[in-house]
Amino acid sequence: GRAAPVLVFLVAVTLLAELCDAAGVFDVTARLAAQLARGRIWLLFLLVVVIATVTTVLLSLDTTAVLLTPVVLSMCAQLGLHPLPFAMATVWLANTASLLLPVSNLTNLLAGQQLALSPAQFVARTWAAALAAVVVTTAVLLALHQSRLRGRYQLPPSLLIADRALFWTSAGAVIVFALLILGGVNVSVAAVACAAITAVAFAVRRRDQLRWAIFPWRLVLVVCGLFLIVEGALRHGLTDALTSAAGTGSGFADLLRLAAAGAAGANAVNNLPAYLALEPVADGSSERLLAVLIGVNTGPLISIWGSLATLLWLERCRAGNVTVSLRSFALTGVLLTPAVIFAAIAALVLS
């Protein structure tokens with residue numbers, strides 16, 4: 001009963017994102033960012049941060065990892081830029097920027113069910129923590145990669161849009177999707193409606209893009225498996241063990257401890273099962289459940305299997321011939337994770 005709406009949303013939003021990619025929405029956005037930055041690498045980097053944040057918030061972290069990452073890496077290759085800062089921005093923000101809306105992360109959808117919050121109410125509860133997480137992530141990225149973000153690049157030519165009707169239909173569908181979500185429409189209904197509109201446009205103008213390969217059946221199977229495994233573990237004593245580790249209470253230290261437990265669980269197994277396992281520990285408290293979200297959403301930055309988005313991102317980096325050291329990934333994640341969790345919990349408490 002809880003899994004079905006989540007899976008419907010996952011399929012619909014993935015199809016919407018794939019069709020937007022085929023229509024050139026991401027390519028045009030990246031090329032526009034390169035022109036707006038006027039050859040300044042640091043400004044282009046900040047624009048990529050904004051694009052990754054908006055993509056994650058509106059189309060989920062998996063979209064940023066799967067579709068935006070190759071576009072950004074291709075842009076770096078064309079402009080002669082070092083790809084690592086931009087690649088790390090997409091994967092870190094895919095995770096840390098996924099707190100704001102119910103659609104930003106599957107864990108948010110599950111928490112929204114539990115809290116019975118409308119999208120507007122969800123934003124009212126999470127905006128401060130979401131903002132803190134993005135700001136800290138951006139600051140750490142700039143500090144780590146400042147030497148690679150100096151200098152200039154040659155301005156690229158404007159990108160020609162192959163089919164303007166498809167481009168504007170797809171871009172418009174994303175805007176309508178965001179407005180529907182903020183207007184309180186059920187997230188699954190909104191995603192299905194906007195994906196259907198885009199699919200009809202492609203059926204009329206580029207039917208060849210409507211193929212089974214864009215259906216995210218692997219993700220569906222993985223998510224179903226995670227639901228089943230955690231449900232079995234919860235019935236055999238996992239909740240009791242987690243309660244002793246995560247503690248009780250809703251003070252700052254209590255919430256920080258709970259978020260840390262969520263981050264540890266996400267890096268040990270994966271963020272979705274970590275959320276499902278810790279949800280009962282929240283004991284119906286909205287503050288504690290939001291602390292769990294902060295931990296499992298912003299915390300899986302150390303192990304490569306911490307979230308599905310990170311695994312998908314690594315696959316795209318390898319396909320783009322970008323080498324990512326797993327040791328370096330873990331070490332930089334150790335620097336970021338405590339800082340972003342502390343800032344987000346502090347913002348949650350203060351707000």
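On a 1 Å grid over the protein atoms alone, a cavity is a set of points where a 1.4 Å probe fits but cannot get out, while a pocket is an open set with protein on both sides within 12 Å along at least five of seven lines; lining residues have an atom within 4 Å of a point. Grid points are joined across faces, edges and corners, and a volume is the space filled by probe spheres set on the points. The model is predicted: local features need pLDDT of at least 70 and side-chain atom pairs pLDDT 80 or more, whereas totals for chains, interfaces and linings use all residues. Residues are numbered from 1 along each chain as its sequence is written, and side-chain values use heavy atoms, with hydrogens and water left out.

By the cavity rule, there are four cavities of 30 Å³ or more. The largest cavity has a volume of about 80 Å³. Its lining consists of Leu61, Asp62, Asn105, Leu106, Asn271, Leu272, Ser307, Leu308 and Ala309. Two or more of these residues come from each of α4, α13 (271–278) and α15; helices are DSSP runs of H or I with at least four residues, strands are E runs of at least two, and both are numbered from the N terminus. By class, the lining has five nonpolar, three polar and one charged residues. Here Ala, Val, Leu, Ile, Met, Phe, Trp, Tyr, Cys and Pro count as nonpolar, Asp, Glu, Lys and Arg as charged, and the others, Gly among them, as polar.

The largest pocket has a volume of about 590 Å³. It is lined by 28 residues, of which Glu18, Val66, Pro216, Leu312 and Arg316 are the closest to its centre. Elements giving two or more residues to this lining are α1 (3–22), α4 (61–79), α10 (217–234) and α15 (308–319). The largest share, seven residues, belongs to α1. The lining divides into 17 nonpolar, four polar and seven charged residues.

The second largest pocket has a volume of about 490 Å³. Among its 19 lining residues, Val25, Thr29, Ile51, Val54 and Thr55 are the closest to the centre. Two or more residues each come from α2 (25–36), α3 (41–59) and α8 (164–182), and α2 supplies the largest share, seven residues. This lining has 17 nonpolar, two polar and no charged residues.

A disulfide is a pair of cysteine sulfur atoms within 2.5 Å, and by this rule the count is zero. Cys76 is in no disulfide, its nearest cysteine sulfur being that of Cys317, 10 Å away. That distance is too far for a bond.
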